[in-house]
Amino acid sequence: MRILIIGCNGFLGQALYQYLVSLNFDVFGTSHQESADNKVFKLSVGDDIDENILNKNIDAVVYLTHIYEKEKSLELVRWYKKTFLLFEKVVKKQIYLSSYSANKLAVSSYGQVKYEVENFFISNNGYAISPGLIVGNGGIYNKIKKFIMLSPMVV
């Protein structure tokens, strides 16, 4: 099986990429940064999908990319929809990793965007997965870690 991970350079993307390679899947990825790995293509939100990616006979696409700046949220949503529709013609499965914060009552731009993209995927026969807590060096974990490192603790 050939899998493309959009956003393979992030915390979750790196772990998923390595895990799938260890299971002998043929894994490709995209990153907004240049990579020495010839299976990782440079791609940023807003970019058109390169023909080199489309010609890889990908079986499944896993979407992990997110933009945290609220003013760029609409661009991300449009890009996800456009990219999904493009891959729909050549890929069997498209999977979006969402978040527990994605719901119709979401207050944050993060949750609202994730909810909109999640619903788009589901309504177009894609998949949306909302994993529980993922602990890495980003997000809320990083904020707590920085607070603890900078604050005096009473034991």
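**Entry 1: a loop residue to start**

I began at asparagine 24, which sits in the loop between helix H1 (11–22) and strand E2 (26–31). Helices (H or I, at least four residues) and strands (E, at least two) are DSSP runs, numbered from the N terminus. Before going on, I noted that this is a predicted model, in which local features need pLDDT of at least 70, side-chain atom pairs count only at pLDDT 80 or more, and totals for chains, interfaces and linings use all residues. Residues are numbered from 1 along each chain as its sequence is written, and side-chain values use heavy atoms, with hydrogens and water left out.

Asparagine 24 is not a glycine, yet I found a positive phi of about 70° there. Its relative accessibility is 70%, so I filed asparagine 24 as exposed. For the burial words I used these limits: buried is under 20% relative accessible area, exposed is over 50%, and partly exposed lies in between (1.4 Å probe, protein chains only).

I then looked up asparagine 57, also not a glycine, and its phi is positive at about 55°. Asparagine 57 belongs to the loop between helix H2 (51–54) and E4. With a relative accessible area of 57%, asparagine 57 is exposed.

**Entry 2: rings**

Next came the aromatic side chains, and I counted 10 aromatic pairs in the structure. Rings of Phe, Tyr and Trp (its six-membered ring) pair if their centres lie within 6.5 Å; planes under 30 degrees apart are stacked, over 60 edge-to-face, and the rest tilted.

How are the rings of tyrosine 63 and phenylalanine 121 arranged? Their centres are 5.0 Å apart and their planes stand at 80°, so I wrote the pair down as edge-to-face. Tyrosine 63 is in strand E4 (residues 60–63) and phenylalanine 121 in helix H4 (residues 109–123), so this pair ties together parts that are 58 residues apart in sequence. Tyrosine 63 is buried at 0% relative accessibility, and phenylalanine 121 is buried at 0% too.

Tryptophan 79 and tyrosine 80 make a tilted pair, with 5.8 Å centre to centre and 55° between the planes. I have tryptophan 79 as buried at 4% relative accessibility, and tyrosine 80 as buried at 0%.

Which residues form one aromatic cluster? My list reads Tyr63, Trp79, Tyr80, Phe84, Tyr96, Phe120 and Phe121.

**Entry 3: charges**

A reminder to myself: side chains of opposite charge can pair when their charged atoms come close. I searched the whole structure and found 5 salt bridges, each being a side-chain nitrogen of Lys or Arg within 4 Å of a carboxyl oxygen of Asp or Glu.

Aspartate 26 bridges to arginine 2, and the closest N and O atoms are 2.7 Å apart. Aspartate 26 lies in strand E2 and arginine 2 in strand E1 (residues 2–6), so the bridge ties together parts that are 24 residues apart in sequence. Aspartate 26 is partly exposed at 21% relative accessibility, and arginine 2 is partly exposed at 26%.

I also saw that Arg2, Asp26 and Lys39 are linked in a network of salt bridges.

Aspartate 48 and lysine 82 form a salt bridge whose closest N and O atoms are 2.6 Å apart. This pair links distant parts of the chain, 34 residues apart, with aspartate 48 in the loop between strand E3 (40–42) and H2 and lysine 82 in helix H3. Aspartate 48 is exposed at 54% relative accessibility, whereas lysine 82 is partly exposed at 47%.

For aspartate 59 and lysine 92, I noted a salt bridge with the closest N and O atoms 3.5 Å apart.

**Entry 4: helix H3, residue 88**

Glutamate 88 is placed in helix H3 (residues 73–88), and at 39% relative accessibility it is partly exposed. Leaving out residues up to four places away in sequence, I found that glutamate 88 touches Gln94 and Asn124, where contact means heavy atoms within 4.5 Å.
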